[in-house]
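The following paragraphs guide a reader who is new to this structure through several of its features. Please keep the sequence and the model in view while reading.

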Amino acid sequence: MIRQLDVDGVPTLLAATAGPMRAGLTFRVGTADETLSRSGITHLLEHLALAPLGLTDYHFNGATAPIFTSFYMQGSESDIAGFLTAVCHTVHDLPMARLEVEKEILRTEWSSRGTAAIDSVPLWRHGARDHGLTSYPEFGLHAITEQDLRAWAARWFTRENAVLWIAGDRVPTGLRLALPSGVRQPVPPVSSALPRTPAYFVNGSGAVVLDAVVRRRTAASVFTGVLEREMYRSLRQEDGLSYTINTGYEPRGDGHATLRALADALLEKQDAVLGGFVDVLAKLRVGRIEQADLDATVAKREDALGAAEVDAARLPSQALDLLTGQPTVTVDELRAELKTVTLADLHQVAQEVTATALLMVPDGTTADWAGFTEAPTRSTHTVTGTAYRERDGEGELRVGIDGVSYLGPGGPLTVRYAECAALLAWPDGARRLIGHDAIAMHIEPTLFDLHPGAIGVIDQQVPADRRVPMPARPPEKIPQPYAATNRPPAQQRPAPAKRSWWEVPLMVISGLATLGVGGITLLLTLGMFISDEADGDEGWLWGMVGVGWLLTVILALPIVLLRRRRR
């Protein structure tokens, strides 16, 4: 059985094993606790904590998940004691000399990892916050400082926010968990980017994926197995449409769990797989569930619970339950719950699945015919501001004091500054704004008549902690406008954009900073000349407007390519 005790103020779970001793130290912090503009900080801290430990003859590792971070080792008693003791020290005395090296390692890790069919699902359900961050690169790595890491460790890596588990007959001699005092951190609130469900979105992976949220309970776990059996029988055995079919059930620490199912498809059979997948869901939703499937799934679970070292195998999940305040149950209690699951219970779960479903469908298909609503790819509102016409298209960019909007093909798209999860900024002037709802706009200085002051407005209005500096790009990677010979004659081009009143001083300041002292003297002289031609305050204002206009002529006008893409 699993015993609970205390080691240096850290709750500890212990279960016997016949194999090598193994242990893990789990903290209640993960990617869902981060922001997009500083994403990657937990993963970076985990890497830095392990860096000084070097190589051993035994397996050790770390893992960063949405709601937890864990350090794990299998080996001798003395090695485990030394490993976990060292982790508790290094996590608060990080080897900062390796900071840039570990950042590069993490960037390489991201670029080399494969793209799974379900990778984009979290951002469609949750947006660019909490559980949705796993769909994005670790944008924050470049900006994370030593001070950021120390503050993160002090808040999250404490003895009250940790649980130790040990698969062995005792606590290793010499183990010391020298962690500072703190508080147990609750799981973060779960956001939603879906106005309504069931919903669907289109993805080019070629697979059909179901993502649903259900109440955490034994019946929901059993339903996952029943769903897999039904999908396998229908889509593979009977119709021969899919090869890979699997399902998963993952508690998220707040009394709910994520339920997922996947079926792959050949290009020419994607419509058929989608139709068959929806038919399986509809069959279960109306209660047409086979008793044989329930019995087989329960029997399989009971066999797993009868394994010799089931308690040791359950230690990591039990530690997470303890960390998140969820009920912990014994093997005997699980067996008793399995025996009580009925077809009516599974029918209720099937209805929950349908009500909360998010379906990923292949390119060229939709699911609106099955009652699913398309997930938002556009904004429902726009901002007012200065309009900048697209040079080589029909689009229009609006830069306002509360946000940025694009009106044109694929729009409208809007990101309000207060709801901007991250502003990616390149030295050449390119900007990417990503909203909390995952709506994103990439602004390139190439295809819009954009005044230099407009980029300054965006930079000033977005909160500083959302800004993410990006590395410089080679010239060939910067989009360019069409050749002048391919552009329409001047008489066919739209009239210059009218400026909003609030942009005038910002544009003047931007221009003066660019021109330097000599330019300031010249432009002020010209401004006073213009003001002399009018009277009073109005003359002064028009003088300053004239300065802004002259700056517009003198400065090279950047142009912006805007495109809408999630991630």
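Disulfides number zero in this structure, which is a predicted model. Cysteine 88 has a relative accessible area of 2% and is buried, because buried means a value under 20%. Cysteine 420 likewise counts as buried, with a relative accessibility of 0%.

The next topic is the packing of two helices. Two packed helices are described by the angle between their axes and the distance between the axes. Helix α6, formed by residues 218-238, packs with helix α12, formed by residues 343-356, at an angle of about 80°, and their axes are 9 Å apart. The two helices, α6 and α12, are therefore roughly perpendicular to each other. On the α6 side, the residues in contact are Ala219, Ala220, Val222, Phe223 and Val226, and these meet Asp345, Leu346, Val349, Ala350 and Val353 of α12. Sorted by class, the contact of α6 with α12 consists of nine nonpolar residues and one charged residue, with no polar residues.

The last topic is a sheet. Strands of a sheet pair through backbone hydrogen bonds, either parallel or antiparallel. Here, four strands form an open sheet in the order β13-β14-β15-β16, and their pairing is antiparallel. Strands β13 (386-389) and β16 (413-416) stand at the edges; each has a single partner strand, so one side of each is left without a neighbour in the sheet. On average, neighbouring strands of this sheet are turned by 15° against each other, direction ignored. Within the sheet, β14 (residues 396-399) pairs with β15 (residues 403-407) in the antiparallel sense over four bridges. Valine 399 has valine 404 in β15 as its bridge partner.

Definitions and conventions: Residues numbered from 1 in each chain as written. Predicted model: local features only at pLDDT ≥ 70, side-chain atom pairs only at ≥ 80, totals over all residues. Heavy atoms only, no water. Pairing = 2+ DSSP bridges. Axes fitted to C-alpha atoms, helices over the stretch in contact; angles between N-to-C directions. Parallel < 35°, antiparallel > 145°, perpendicular 65-115°, else oblique. Contact = heavy atoms within 4.5 Å. Nonpolar A, V, L, I, M, F, W, Y, C, P; charged D, E, K, R; others polar. Disulfide = S-S within 2.5 Å. Buried < 20%, exposed > 50% of the residue type's maximum accessible area, 1.4 Å probe, protein only.
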